[in-house]
Amino acid sequence: MTRRTVPAMHLVRWISLLLLLALVGSVLPISASSPPASPPPPALELAAANVDLLSAPVLLDEATPSALKHPKLDSALVRLAQVAEESPERAVGLAAAQLLRVSEGRVQTQVTTSADRLKRAVQAITEAGGVVTKVGYQDTLIQAWLPVDALERVAASPDVLSIRRPMEFATLGEVNPSALTSEGLWAMNAHVWHAAGYRGAGVKIGIIDGGFLGYSALRGTELPAAITVKTFVDGETDDKVDGSSPHGTACAEIIHDIAPDATLYLAKINTDIDLEQAANWLLAQGVDIVSVSLGWFHEAGDGTGYLSSIIAGVRSAGVLWVNAAGNERESHWRGLFTDTDGNGFQDFNLDGAPYPVNFFGPGDGRVYLIPAGTYLRVIARWSDWENVDQDLDLHMVRLNPSTNNWDFIASSMAAQSGQYGQKPLEVVETMTTGGSTAYGVVIQRYGTVRDVNIDLFIANGSWPFHDTVHDHSLTLPGDSPYALTVAALDVDAPYLQESYS
């Protein structure tokens with residue numbers, strides 16, 4: 001990639017600093033994958049309730065069915081393939097229930113291959129009736145829509161290494177567009193810079209997000225009159241940039257408050273492959289800065305991997321990438337797999353005693369009562385990125401008010417058997433149903449010989465874990481050494497770190 005000279009470097013540096021300060025304290029966590037996350041419930045529905053958790057048993061006899069372990073398909077897609085053998089129509093309904101994106105009998109997937117096998121993998125997809133929409137990561141990842149009854153057929157191709165649900169982002173902020181001046185402006189003395197004539201003229205800023213709902217109506221007032229936009233979401237046209245979520249619109253407003261004369265470019269995405277394409281488009285527009293308040297959880301978190309490589313390409317072109325660090329400090333747990341009683345489940349801590357459920361709660365032994373219609377997404381990853389032969393499973397559980405038992409309601413049970421293309425990763429997504437009650441997760445040992453180190457995240461961040469570990473809660477690609485990663489401080493002096501950051 002050719003390195004270019006950035007004009008007016010002193011101004012670019014100033015704008016970069018202001019973007020850094022603008023992002024600080026401006027982001028609160030939700031998830032806006034498909035479907036978009038519901039907003040946090042009212043405070044009354046979040047009230048902690050006393051529940052005798054030690055008398056609420058987990059039904060430990062629900063071992064992972066070996067039929068859901070497939071060397072190339074994640075467990076959600078295995079279920080679809082099994083149902084599709086009898087009824088493709090029912091499989092489409094199941095895909096929607098599992099919060100997968102479906103269209104015309106096809107489900108959106110991410111296919112892993114290698115550069116030398118790419119053409120043959122694409123051929124296998126198209127011959128099965130699938131549609132390829134994007135290719136990324138040096139020709140090793142394919143974004144494709146596969147017929148629900150063709151998943152096994154495509155997986156059988158020797159040129160297809162794995163098929164899983166796409167790697168969608170979590171938005172790092174519950175922010176809303178409004179006719180208000182950003183709180184951080186006065187804290188950073190931006191008005192002094194503006195009065196001196198430093199208003200961002202000649203600087204191009206790209207903003208990547210999952211939606212810019214309402215931005216059109218704000219042109220010429222809260223946003224510049226002229227804005228260039230593009231969507232990279234499958235099946236969408238550029239008019240859909242004004243849609244899905246107001247999160248990106250609010251981020252753009254903050255940036256416009258800070259640099260009112262800068263030129264803005266808005267790019268809408270949904271997956272990591274979308275991110276790569278959006279970054280390349282922004283480079284082609286000649287932007288000086290890229291601002292991203294999104295996060296992922298599906299890589300090692302050590303500064304390597306696909307996401308970091310995208311930012312490395314942007315940085316090598318002389319463009320600054322500013323990324324939010326995330327707000328998962330209270331929605332994260334980390335530790336070695338520990339099973340003191342040998343029941344096959346990870347031990348979490350409850351009042352100093354091992355307990356198999358890490359439930360959503362304020363940390364004092366009580367639980368949050370979560371109402372129906374709340375989107376929950378939990379991710380587990382662990383330290384086995386080279387061999388990928390230590391197999392763990394992740395289950396979402398719900399406290400049954402009638403029986404006082406924890407019931408299994410959703411599971412992620414991908415195979416980690418050492419085959420190339422597999423990841424030490426499990427993702428559970430569900431929409432809550434029934435009356436308000438407690439929810440949590442359990443981690444089950446399926447096939448491990450060593451105690452791997454596990455990171456557990458609540459991707460939408462609305463609910464803290466009872467058993468929380470703050471260290472290593474940075475979201476990706478904030479781990480990239482090529483990004484300027486910013487976290488949240490209180491806007492008022494003495495500018496203390498926010499509790500969630």
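**Exercise: the surroundings of Val-428**

Task: decide whether Val-428 is buried or exposed, and find what it touches.

Solution. Start with the cut-offs: buried means under 20% relative accessible area, exposed means over 50%, and partly exposed lies in between, with a 1.4 Å probe and only protein chains considered. Val-428 has a relative accessible area of 2%, so Val-428 is buried. This is a predicted model, in which local features need pLDDT of at least 70 and side-chain atom pairs count only at pLDDT 80 or more, while totals for chains, interfaces and linings use all residues. Residues are numbered from 1 along each chain as its sequence is written, and side-chain values use heavy atoms, with hydrogens and water left out.

Val-428 belongs to strand S22 (residues 425-431); helices (H or I, at least four residues) and strands (E, at least two) are DSSP runs numbered from the N terminus. Now list its contacts (heavy atoms within 4.5 Å). Not counting residues up to four places away in sequence, Val-428 touches Leu-376, Arg-377, Val-378, Leu-394, Met-396, Ala-410, Ser-411 and Ser-412. As a distance check, Val-428 and Met-413 are 15 residues apart in sequence, and their C-alpha atoms are 9.3 Å apart in space.

**Exercise: the nonpolar cores**

Solution. A nonpolar core is a set of buried Ala, Val, Leu, Ile, Met, Phe, Trp, Tyr and Cys residues joined through side-chain atoms within 4.5 Å. The largest one has 37 residues, and those that touch the most other members are Ile-208, Ile-269, Leu-275, Val-290, Trp-296 and Trp-321. The elements that give it two or more residues are S10, helix H9 (272-284), strand S11 (289-292), helix H10 (306-316) and S22.

Then look at one member. Setting aside neighbours within four places in sequence, Val-290 is in contact with Gly-206, Ile-208, Leu-282, Val-314, Val-319, Leu-320, Trp-321 and Val-322. Apart from this core lies another, of 29 residues, among them Val-78, Ala-84, Ile-125 and Ala-155. As background, nonpolar side chains in soluble globular proteins tend to be buried together.

**Exercise: salt bridges**

Solution. A salt bridge is a side-chain nitrogen of Lys or Arg within 4 Å of a carboxyl oxygen of Asp or Glu. The whole structure has 15 of them.

- Asp-234 is buried at 6% relative accessibility, and Lys-134 is buried with a relative accessible area of 6%.
- Lys-268 is buried at 2%, whereas Glu-236 is partly exposed at 25%.
- Asp-364 is partly exposed at 41%, and Arg-366 is partly exposed at 33%.

Salt bridges can also form a network, as they do among Lys-69, Asp-391 and Asp-393.

**Exercise: the whole chain**

Task: state how many helices and strands the chain has, and where pLDDT stays under 50.

Solution. The chain has ten helices and 25 strands. Of its 501 residues, 57% are buried. Among contacts with a separation of 6 or more, 81% join residues 24 or more positions apart.

The chain averages 85, and 84% of the residues score at least 70. The value stays under 50 over residues 1-18, for which the model has 43 contacts beyond four places in sequence. It also stays under 50 over residues 20-50, with 96 such contacts.

Conventions:
pLDDT is the predictor's confidence in each residue, from 0 to 100.
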